[in-house]
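Work through the exercises below with the sequence and the 3D structure at hand. Try each task before reading its solution.

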Amino acid sequence: MSLTIPALSREYPGNDSFRLTTSEIQLDPTGFTCIIGKNGSGKSSFAETLAQVDQEPPWFYLPQFMDRFLFAENLLEQLETFFSESIERERLQELLIELGFTDPDHMLSFPFILMSGGERRRIALVSMFYLKHHKIILDEPEIGITPKEKVVLLTKIRNLKAIDTRVILISHNEAFVKESTSLICMKDGTLDRVGKTEALLNEPDFDLSVYGVRSQTEE
Amino acid sequence: MDYLIQVRDLELDYHWGDHHKSIFQAFNCNIPPGAFVSITGANGSGKSSLLKLIMGLIEPNSGAIIVGERQVRFGYVDGVKDGQIAYLAQQMDELFFGETVAQELSYQKEQLTSEDHQLLEQLNMEHLLPRRIDTLSGGEKQGIALVQFLANSAPLLLLDEPSSYLDKQAAQVLRKALVRAHEQGRTIVHATQFKREVAWGSHVLDLDSQQPRVERL
């Protein structure tokens with residue numbers, strides 16, 4: 001069964017030059033989908049709007065700017081607001097180790113305010129992976145994390161398909177894009193190209209750099 | 001002058017309630033004028049903190065930072081006010097003053113310069129001039145911050161992972177501009193996660209090493 005993304009439309013007060021208008025699309029439900037496009041092409045608008053309108057079941061949207069997501073004082077408090085059951089500390093600590101934290105017990109109650117940008121990003125990812133959502137949208141999750149942790153993140157995203165989780169990822173990173181199953185290519189608030197990644201990459205006129213994707217040799 | 005930036009016996013800890021995080025202990029380093037230094041290191045190693053210390057945005061527990069002939073004073077950002085330092089932050093979300101892009105870019109000057117227009121054109125962002133800042137995407141905000149930063153003629157440039165939000169084209173504009181600024185003899189201190197970007201510069205400071213020091217590439 002394919003994954004249906006409904007037609008989306010959104011206008012922005014104070015910005016007459018941009019409007020999001022996309023038609024309904026069917027995506028391969030296996031693996032994950034990447035949204036690509038230059039800065040300002042509408043990638044985050046698409047993701048935010050999708051998360052607002054498609055609620056059955058709801059998408060979990062992890063935004064680009066972590067300060068809009070990490071509202072509690074520390075990881076345990078953050079999870080307790082989402083979760084009525086008691087926290088599985090062991091599983092949480094395993095996730096912290098996977099995402100590169102060497103002192104996981106300490107990080108459970110370590111205040112976000114003392115963390116660097118990259119640490120906050122990884123904590124947000126830990127929180128998201130812990131919550132086991134069925135539909136996830138990640139908005140440039142690789143920003144600010146080290147190359148080693150990017151590899152871990154890519155592996156974890158790849159593994160989500162095994163537990164039947166739908167993942168949409170916004171990225172400028174070629175490694176993530178090439179690992180995806182489907183691509184949504186945005187331009188000026190519209191869908192420029194949509195299809196299976198492998199098929200698009202094999203088309204002679206298809207060029208990832210047109211959509212602002214940075215090659216691995218540039219990182 | 002042998003060194004433009006001297007960091008002497010720096011200690012920096014952050015505190016919040018009962019929690020404590022140590023960033024620098026007895027940290028020393030020297031940056032020669034005209035160097036293009038890439039600061040590397042894991043998340044939380046102190047890359048952003050060092051840049052903020054050089055500007056005077058955060059106060060060390062002890063030690064001193066000297067830029068040029070002057071010791072940095074916490075809270076005064078003298079170097080920025082005097083036009084000696086330009087800073088490009090990791091996340092530009094809260095650092096804009098203007099309502100529109102045009103207002104933001106013409107802040108403290110009568111009109112946009114030809115350089116502003118040239119940079120906007122290179123970034124394909126001229127159409128953003130009438131746009132309200134709060135309607136820009138993350139990447140567009142970083143692009144506008146980049147225009148502001150690159151149009152600044154300060155001799156010392158501090159950059160905190162500036163390319164994170166940029167697409168391929170904008171990242172290329174940044175690279176070319178930094179290489180040109182280095183050729184002009186300006187000093188650049190650039191925090192980055194990208195191995196490739198380290199090669200843009202002349203020196204590296206790896207904060208993950210046991211005794212971090214500024215080393216020529």
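The exercises that follow concern a predicted model.

**Exercise 1. The contact between the chains**

Task: Describe the contact between chain A and chain B by its residues, its buried area and its salt bridges.

Solution. 
Step 1. Count the residues on each side: chain A gives 43 residues and chain B gives 35 residues.
Step 2. Turn to area. The size of an interface is often given as the accessible area lost when the parts come together. Here about 3200 Å² is buried between chain A and chain B, with 52% of it from carbon and sulfur atoms.
Step 3. Look for charged pairs. There are 2 salt bridges between chain A and chain B. One of them joins the side chains of A:Glu119 and B:Lys21, at 2.5 Å from N to O.
Step 4. Ask which elements of chain A take part. Strand 3 (15-22), helix 5 (117-131) and helix 6 (147-160) each give two or more residues to the side of chain A that touches chain B. The largest share, 5 residues, is from helix 5 of chain A.
Step 5. Sort that side of chain A by class: 12 residues are nonpolar, 18 are polar and 13 are charged.

**Exercise 2. A salt bridge across the chains and one within a chain**

Task: Compare where the partners lie in the pairs A:Arg214 with B:Glu197 and A:Arg122 with A:Glu149.

Solution. 
Step 1. The side chains of A:Arg214 and B:Glu197 form a salt bridge of 3.4 Å, N to O. This pair crosses between chains: A:Arg214 lies in the segment after helix 8 (197-202) of chain A, and B:Glu197 in helix 7 (residues 195-198) of chain B.
Step 2. Both A:Arg214 and B:Glu197 are buried.
Step 3. A:Arg122 and A:Glu149 also form a salt bridge, with their closest N and O atoms 3.4 Å apart. This pair links distant parts of the chain, from helix 5 to helix 6 of chain A, 27 residues apart.
Step 4. A:Arg122 and A:Glu149 are both buried.

**Exercise 3. Partners of a salt bridge and their exposure**

Task: Are A:Glu11 and A:Arg19 buried, partly exposed or exposed?

Solution. 
Step 1. The side chains of A:Glu11 and A:Arg19 meet in a salt bridge at 2.9 Å, N to O.
Step 2. The relative accessible area of A:Glu11 is 53%, so A:Glu11 is exposed, because the cut-off for exposed is over 50%.
Step 3. A:Arg19 has 47% relative accessibility and therefore counts as partly exposed.

**Exercise 4. An enclosed helix**

Task: Why is helix 5 of chain B described as largely enclosed?

Solution. 
Step 1. Helix 5 of chain B covers residues 138-150, which makes 13 residues. From first to last C-alpha this helix reaches 18 Å, close to the 18 Å expected at 1.5 Å a residue.
Step 2. Of the 13 residues, 12 are buried, so the rest of the structure largely encloses the helix. Among the buried residues are B:Ile144, B:Leu146 and B:Phe149.
Step 3. Find the neighbours. The buried residues of helix 5 of chain B pack against elements of chain B that include helix 4 (114-122), strand 7 (156-160) and helix 6 (168-183).

Terms used:
Residues are numbered from 1 along each chain as its sequence is written. Chains are lettered from A and ligands numbered from 1 in the order in which they are written. This is a predicted model: local features need pLDDT of at least 70, side-chain atom pairs count only at pLDDT 80 or more; totals for chains, interfaces and linings use all residues. Side-chain values use heavy atoms; hydrogens and water are left out. Contact means heavy atoms within 4.5 Å. Buried area is the accessible area (1.4 Å probe) that two parts lose on being put together, summed over both. A salt bridge is a side-chain nitrogen of Lys or Arg within 4 Å of a carboxyl oxygen of Asp or Glu. Helices (H or I, at least four residues) and strands (E, at least two) are DSSP runs, numbered from the N terminus. Ala, Val, Leu, Ile, Met, Phe, Trp, Tyr, Cys and Pro count as nonpolar, Asp, Glu, Lys and Arg as charged, and the others, Gly among them, as polar. The expected span of a helix is 1.5 Å times one less than its number of residues. Buried means under 20% relative accessible area, exposed over 50%, partly exposed in between (1.4 Å probe, protein chains only).
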